[in-house]
Structures are given as C-alpha cells and as structure tokens.
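Here is a short tour of one protein chain. Keep the structure open beside the text as you read.

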Amino acid sequence: MVAIPGYSPRQISAAVQDMYSAVAEAPESHFHFPVGRAACQALGYPGEQLADIPPPLLASFAGVGYPFRAGAIRSGDRVLDLGAGAGNDSLIASRLAGPDGRVIALDLTAPMTRKLKHIADGSGIDNLGVVQGSAEQLPLPDGCVDSITSNGALNLVPDKRRAVSELFRVLKPGGRLQLADVVIHRPVSVDCHEDPRLWVECVVGATVKEELLALFEEAGFEDVRVVGEHDYFALSPSDQTREVAASFGAHAIEVGMRRGAAAPSRLRQWWLRFAPGRWLLLLRRRGLFGIAALCLALLSCYGTLALVGLLPLLGLGLALDEGAWAGTIAAFVVLTLAALAAGLRRHRAPGPLVLASAGGGLILYALFIDYRALVELAGFVLLAIATLWDLRQRRRQEARVLGLASGG
Ligand SMILES: C[S@@+](CC[C@H](N)C(=O)[O-])C[C@H]1O[C@@H](n2cnc3c(N)ncnc32)[C@H](O)[C@@H]1O
C-alpha cells in the first residue's frame, strides 16, 4: 500500500464517492479540478472523438489526460475502462473496439455508473457494460480483457499495488494498457487527515512518477513507456490547488504498456522493489537524505570505534587507516550539511543550517585539527538536532502549502 499519513481506506472511499457523485449529479458546480468539454479539449481530445458523446456524459468528464495517445485499443477488443466515471473514454473505446468488441465501464461511485448506464441504454449502445466495483478487487475473471484504459482513477485508489496486480490478473498475456494519471515529484509526508478534500483533488493520493512506473514493472508489465506529460493542474480554477500542485510537482502523464506472459519471479520482484537507486531517490524526495547521511556519519564514527574495541575480544585485529576513516566521517558530515542546505531552499528557515554548520565545524575540528572525543560528540549532537529541526521545518512548510492548521 502506498501510505498517506492520516487517511484510512474507508475515509478515502467515502470522500472519493462524495466528490464524484457531485461530478455525476451536478457537473456545473464549482470544482477545484477541470471538468466537462472544456477539460477534454484542453487535454487534447480531438473534436471528432467528442462529437457524438451525449452532452450530459461529456459534462461529467473528469479525466486528467488523453490516454488514447498510447493507442492500446484495437478493433474487436474486449476492453476494461477502470474508473470510467461518466464514461466518455468508455464510449470512445467502444467505437475503437467496434461491433465485434465490448467495453466494461467500471467505477466505484454509484451515481457515475447509474448515469452512464441510463444514457447508454437510452442511446442503444449495445457493446458497453457498466459495472460498479473497486479497482482493488475487480469483479472480473482472470485474463478476460484484451486491453485496459484508465483516466485519473489510480491516484484515488489507496492500495495501488493491489490495483495494479488486479489489472495484471484480468488482462490477457500480451494485452495492452493505456493510462492517464497524476504523478508527483515528491510525496506528501504530513498528516492530512484533517482534510480528505486533499485526496480527492488528485494531488495527495498520487505517487512519484518513477514509483508508479515501477509498480507496473514489478507486477509483470513490459515496455512501460511515458507517451505524454503535461501540467494538468494549470487548468485548475483554484489558486490553492495550483499552488499545492506546483509545490509537489504534481502533473499528469500518459503511459502505455503491455502485459508480460507471466508475473516476474519473487526474486526479481524483490530486486525491483529494493534496488538501491530507487531507495536513494525516495529518501531524497521524502526529505530524509539528511537523516540518512547523519546515520552513516554516526555509524562510520562510533560503529568503527565499537568494532575496533570489540574485534580484539574475539581474537581478531583491525588495521585502521586513520586518514581514510576521518575522511569517510567528514564526507558523510558534508553530505548531511548539503542536505540541510537543500532544506533551506525549501523552507527558508536558516536556523537548522546554521546549527548544523556549527556542529559540522566541531566534528571537522576534532577530526583534523585537535582530537577531543567530547568536542566530536558535541558536534554530532548539534548536527542531529539541526537535522531533526530541518525535517520539522520541511513538514511545517508542506502543511502550510496544503492549508492544514498544523502549518501555523
Ligand atoms: C478523476 S475521475 C475520472 C473519471 C473518468 N475516467 C473520466 O475520464 O471522466 C476518477 C474516477 O475514478 C473512480 N474511482 C476512484 N477510486 C476508485 C476505485 N478504487 N475503484 C474504481 N473506481 C474508482 C471515481 O469514482 C471517479 O469516477
């Protein structure tokens, strides 16, 4: 599960259904995200694809991109539209699949599925089935569809790993998937439970782009490629939503991929999940790089000291190059300072960096000029306080941008 502090899956499901019921029933209301024909046009839907979509369905369009750019749907396909909403993409897919194909439009929100079913039945569209259900537990048999399309739904799903494995399960081997969704540059890390609106507006529930693509690769999708990327939130009528989106680097991507013949082996899944490069990126984007560098500095200093003390007790000796040892500690201290300097750029509070510079100075003095264990220890204490202070400032800055009370 991609964890977002503060929300329970039940809270998310209720908030999502409230919001998208309103989009189904009263699309003319004021939303913080773009809806309707104007949104479709701005996202790149060609006019001819919109021409015969019934206006009440078009009015409730709430997608975030143009997933058809990935070209996954072929004539004769059995297609799943995941998080179909009012079904604009389902209708486009039903035309692409043709009379020999069929589209299953699946959505969590009852007023959305009711609206689509009512209008599709009335318009005599006979290759479209409407199903109410959850992406985390698709009410469909294994390997039952040739292609999948989804627009703006996955970011709203709490357990994305499970949803992606469900997509893998219901898609035939070699089947194609096209997706438009919101991704972020760095994840939200403050507790947002005060305001579930933040989830349903598609920013807080979104995943870092590389993480989202990795989820599909881990599940067994191949040839995962980004075919489009755009500033979806620039279309939002709300200043606050635009500011939140800009602060987290939220934007929309369009992706295409193919289902592999089988899910990767457990070993390969673990390798993909725990690849060091991926963790380094995550640590940096979560603002935890400073803490990681400080831990390494402490480990190389006091961990080595402990080893030097313990090994002789086991009858082993350790030849230590003191210059290399001091250099390693100093390198991690400098990395910690660099991480705090990056934090200053974000929260603009100079205190943590000033304190960290004093701490770092003491450590470097003890390492290279005049060794005093207490001076070195005092340096590490200052550096640790500064690193935690920086983390707190980053969280407060996030809370402020999100408009949460704890940001005050
Ligand atoms: C942003 S709207 C997009 C709707 C539609 N794809 C469109 O382009 O207009 C997201 C849709 O995903 C649905 N959704 C959210 N969470 C879901 C879940 N766990 N399972 C299925 N659908 C979900 C919502 O009800 C909503 O209709």
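## Helix α14

In α14, the buried residues are Ile329, Phe332, Val333, Thr336, Leu337, Ala339, Leu340, Gly343 and His347. These buried residues pack against three partners: α13 (289-310), α15 (351-368) and α16 (373-402). This is a predicted model.

Helix α14 covers residues 322-347, which is 26 residues. At 1.5 Å a residue it should span 38 Å, and its end C-alpha atoms are 38 Å apart, so the two values agree. Just after α14 comes arginine 348, with a positive phi of about 65 degrees.

## The whole chain

Now step back. The chain holds 16 helices and eight strands. Its C-alpha atoms fill a box of roughly 85 × 50 × 35 Å along the principal axes. Of its 408 residues, 43% are buried.

The chain is divided into two domains: domain 1 (9-276) and domain 2 (287-407). Their C-alpha centres lie 43 Å apart. Take the contacts in the chain with a separation of 6 or more: 75% of them join residues 24 or more positions apart.

## Helix α6

Helix α6 runs over residues 110-122 and has 13 residues. From its first C-alpha to its last it reaches 18 Å, close to the 18 Å expected at 1.5 Å a residue.

Which residues of α6 are buried? They are Met112, Thr113, Lys115, Leu116 and Ala120. These residues sit on the same side of α6, because they cover an arc of only 160 degrees around the axis. An α-helix has 3.6 residues a turn, so residues three or four places apart point the same way.

The buried residues of α6 pack against α1, α4 (55-59), α5, β2 (102-107) and β3. The face turned away from the buried side carries exposed residues: His118, Asp121 and Gly122. Just after α6, glycine 124 takes a positive phi of about 65 degrees.

## Leucine 128

Leucine 128 is found in strand β3, residues 128-132.

Set aside its neighbours within four places in sequence. Leucine 128 is then in contact with Ser90, Ser94, Val103, Ala105 and Ala120. Ala120 is also one of the buried residues of α6. Glycine 360 is another matter: leucine 128 and glycine 360 are 232 residues apart in sequence and 65 Å apart in space, C-alpha to C-alpha.

## Histidine 251

Histidine 251 lies in strand β8, residues 251-259. Why does histidine 251 count as buried? Because 21 other C-beta atoms lie within 10 Å.

Leaving aside neighbours within four places in sequence, histidine 251 is in contact with Val183, Glu229, His230, Asp231, Tyr232 and Phe233. Now compare sequence with space. Histidine 251 and glycine 65 are 186 residues apart in sequence and 9.8 Å apart in space, C-alpha to C-alpha.

## Around the ligand

There are 23 residues around the ligand. Which of them come nearest? They are Gly63, Gly83, Gly85, Thr109 and Gly152.

By class, the shell has 12 nonpolar, eight polar and three charged residues. Helices contribute too: α1 (9-25) and α5 (88-97) each supply at least two residues of the shell.

How values were computed
Residues numbered from 1 in each chain as written. Predicted model: local features only at pLDDT ≥ 70, side-chain atom pairs only at ≥ 80, totals over all residues. Near = placed C-beta within 6 Å. Helix = DSSP H or I, 4+ residues; strand = E, 2+ residues; numbered from the N terminus. Nonpolar A, V, L, I, M, F, W, Y, C, P; charged D, E, K, R; others polar. Domains from an automatic or database assignment. Contact = placed C-beta atoms within 7 Å. Expected span 1.5 Å × (residues − 1). Buried ≥ 20, exposed ≤ 12 C-beta atoms within 10 Å, placed from the backbone. Arc of directions from axis to C-beta.
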